[in-house]
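Let's walk through the salt bridges of this structure together. Have the model open as you read.

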Amino acid sequence: MYEYSLTHSVNNTVQVLCRWFSWKKVNRITIKVGGMKQVNPELMTFIFAAVSKDTPAEGAILSVMIIPTTYHCYSCGREGMREDTQFLCPHCGSKNVKLLSGQEFSIEILEVEGGLFSNE
């Protein structure tokens, strides 16, 4: 289960940050996940409730922002989005494309008791 390993990684990272900064309670976690990763946000939320049990993040709300997969096409010069994972221009079908977004995986915002941590 791919979502389990990603969600477990988020929880582990949050636990390390809690130790570093002496945070006692995490209320909300917002992560960015690129469309190429093909994750199910609802499944990640469900899994997070289980893996965060007995940690400072227990009961925290996990919000998953899906970043669209976008390409620049060298053949037609246009940019566009695709919902699948094929490296093809969404406009002309060319394989001569550059991936602009869609592989992201990061913790963007942690809302903790007494403060806010942002990756921005």
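A salt bridge here is a side-chain nitrogen of Lys or Arg within 4 Å of a carboxyl oxygen of Asp or Glu. Keep in mind that this is a predicted model, where local features need pLDDT of at least 70 and side-chain atom pairs count only at pLDDT 80 or more, while totals for chains, interfaces and linings use all residues. Residues are numbered from 1 along each chain as its sequence is written, and side-chain values use heavy atoms, with hydrogens and water left out.

Searching the whole structure turns up three salt bridges. Start with lysine 32, which pairs with glutamate 108; their closest N and O atoms sit 3.9 Å apart. This one ties together distant parts of the chain, since lysine 32 belongs to strand β1 (residues 26-34) and glutamate 108 to strand β6 (residues 105-112), 76 residues apart. Strands are DSSP runs of E, at least two residues, numbered from the N terminus.

How open are these side chains? For that, buried means under 20% relative accessible area, exposed over 50%, and partly exposed in between (1.4 Å probe, protein chains only). Glutamate 108 is buried, at 8%, whereas lysine 32 is partly exposed, at 25%.

Next, find arginine 82 and aspartate 84, whose side chains meet in a salt bridge at 2.8 Å, N to O. Arginine 82 counts as buried because its relative accessibility is 19%; aspartate 84 comes out partly exposed at 29%.

That leaves glutamate 58 and lysine 53, a salt bridge with 3.6 Å between the closest N and O atoms. Glutamate 58 is partly exposed, with a relative accessible area of 33%.

Technical notes. Helices (H or I, at least four residues) and strands (E, at least two) are DSSP runs, numbered from the N terminus.
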